[in-house]
Amino acid sequence: MTAVDYLALLAGAANTIAISAIAIVLGSPLGLMLALVRWAKVPGLDGFVAVLVSLLRATPSVTLMLLVYFALPVLGIELPRVVAAVATLALGSMAYNCEIWRGALLAFPKDQLEAAKAFGMRRHLRFRQIVLPQLLRSALPALVNEMTLLVKVSPAIAVIGVADVTRAAVRIGAATYEPVPPFTIALIIYLAIIGALVLAQRLFENRQLAGNAI
Amino acid sequence: MNFHGFEIVWSQRDLMLNGLLLTLEIVAISSVLAAILGFAVFGMLVQGGPAIVRPVKAAIDVIRAVPFMLLCYLLYYGLPSTGVTLDNMTAGITALAIYNAAYVAELLRGAWKAQPPEADEAARAFGFHGWRLLVRIIMPPVLLDAVPMLGNQMIQVIKDSAFLVIITVQELTYAANEIQATYYVPFASFVCAILFYWILCLGVEGGVRGLLRVAEVRR
């Protein structure tokens with residue numbers, strides 16, 4: 001492997017991180033919106049969201065990636081492959097996040113809502129001031145777990161030709177006829193990304209525990 | 001929207017069904033292998049001293065932090081450098097089995113840690129040890145508690161099996177991609193494939209629910 005190859009792997013790592021991060025930033029609030037639709041039992045939409053989430057959660061990311069990348073142009077929507085990659089990962093993440101947010105919403109103590117209602121707080125104020133701050137806390141571990149899952153399925157974007165870590169490693173392996181060194185480095189890069197996420201989650205939880213103790 | 005694409009997919013249904021059958025075969029074989037391997041590793045975690053437990057746990061953590069697709073590539077393209085060459089089916093099934101075995105071992109360990117310690121202590125006091133302790137005393141409640149998670153893991157195997165398209169295993173996603181590339185009907189062919197994956201996953205979920213109901217009656 002030459003210096004250029006190492007740089008290609010690093011550039012791939014930057015792409016993997018950036019694309020995963022954008023997909024997470026899009027997927028989490030979208031998932032929250034879907035969860036709220038189900039929580040509020042919006043007639044009609046409720047059932048539709050339930051079916052959509054069940055379907056998306058059963059769809060392999062490679063298959064969804066190929067569908068988005070090849071089918072959208074047929075329907076007249078031309079997307080650059082990076083956008084298709086982000087959209088696909090965000091869709092999958094949205095479905096998983098919906099279930100996480102929904103679980104946290106269902107576990108939310110009703111008495112707090114009733115107390116807020118008794119004090120005359122309106123619906124959106126109740127949600128913003130009472131529900132959301134606690135929801136963020138209780139859902140965080142599961143959300144970080146979902147982020148690590150997203151990073152782990154992100155190599156699916158290599159299938160449509162986005163230059164992520166995995167694609168860089170495959171390319172270098174094919175060019176040098178020595179696939180083991182680039183794959184080993186790719187493995188270490190993924191370990192580092194996911195390790196960082198898990199570590200961040202632990203730090204946050206410890207800080208919360210310390211905060212609660214006071 | 002027109003249904004022309006779906007007509008073409010229907011005319012190529014043999015190709016699609018062969019892909020579905022291969023996906024089923026891959027999922028069945030690798031789930032069984034992952035379960036056996038996962039149980040074996042769990043046994044090592046339960047019975048082994050720190051000299052065994054620590055490296056095994058580290059290996060599980062590493063596998064759980066690696067994308068499945070990378071493991072797949074490593075086994076298919078990397079192993080030949082060490083003199084072992086696997087065909088794409090074998091490499092794919094091996095990758096699925098090893099990868100998911102790590103998750104199975106970890107979720108069994110989680111279920112085991114959540115058990116009350118009394119049964120284990122009582123059994124040891126009655127002289128149970130080794131294999132019999134593991135199979136007769138520790139496993140039954142752990143297995144029962146782990147059924148929903150084992151079902152989720154099987155759904156993960158179904159979804160991961162689509163990654164085998166990259167090493168040209170001719171499973172469901174591969175078949176859909178073939179039809180898509182030949183007739184240029186990407187929407188219909190991938191939507192059909194996704195519906196098949198959905199049915200498979202719903203089948204697993206239904207199976208888990210049925211199993212739990214039987215367990216509840218027998219308890």
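Q: Which residues touch the most other members of the largest nonpolar core?
A: A:Tyr190 and B:Cys72 do. That core has 120 residues. Keep in mind that this is a predicted model.

Q: What is B:Cys72 in contact with, leaving aside its neighbours within four places in sequence?
A: The list is B:Gly92, B:Ala95, B:Phe163, B:Leu164, B:Ile166 and B:Ile167.

Q: OK, new topic. How many residues does each chain put into the contact between A and B?
A: Chain B gives 29 residues, and chain A gives 30 residues.

Q: Which helices of chain B supply at least two residues each to the side that touches chain A?
A: Helix 4 (68-78), helix 8 (172-183) and helix 9 (186-218).

Q: And which one has the largest share?
A: Helix 9 of chain B, with nine residues.

Q: What kinds of residues are on that side of chain B, by nonpolar, polar and charged?
A: There are 23 nonpolar residues, five polar and one charged.

Q: Let's step back to chain B as a whole. How many helices and strands are in it?
A: Nine helices and zero strands. From the N terminus on, the order is α-α-α-α-α-α-α-α-α.

Q: What box do its C-alpha atoms fill?
A: For chain B, roughly 70 × 50 × 20 Å, taken along the principal axes.

Q: How much of chain B is buried?
A: Buried residues are 40% of its 219 residues.

Q: Last one. Take the contacts in chain B with a separation of 6 or more: what share joins residues 24 or more positions apart?
A: Such pairs account for 76% of those contacts.

Conventions
Residues are numbered from 1 along each chain as its sequence is written. Chains are lettered from A and ligands numbered from 1 in the order in which they are written. This is a predicted model: local features need pLDDT of at least 70, side-chain atom pairs count only at pLDDT 80 or more; totals for chains, interfaces and linings use all residues. A nonpolar core is a set of buried Ala, Val, Leu, Ile, Met, Phe, Trp, Tyr and Cys residues joined through C-beta atoms within 7 Å. A residue is buried if 20 or more other C-beta atoms lie within 10 Å of its own, exposed if 12 or fewer, and partly exposed in between; C-beta atoms are placed from the backbone. Two residues are in contact if their C-beta atoms, placed from the backbone, lie within 7 Å. Helices (H or I, at least four residues) and strands (E, at least two) are DSSP runs, numbered from the N terminus. Ala, Val, Leu, Ile, Met, Phe, Trp, Tyr, Cys and Pro count as nonpolar, Asp, Glu, Lys and Arg as charged, and the others, Gly among them, as polar.
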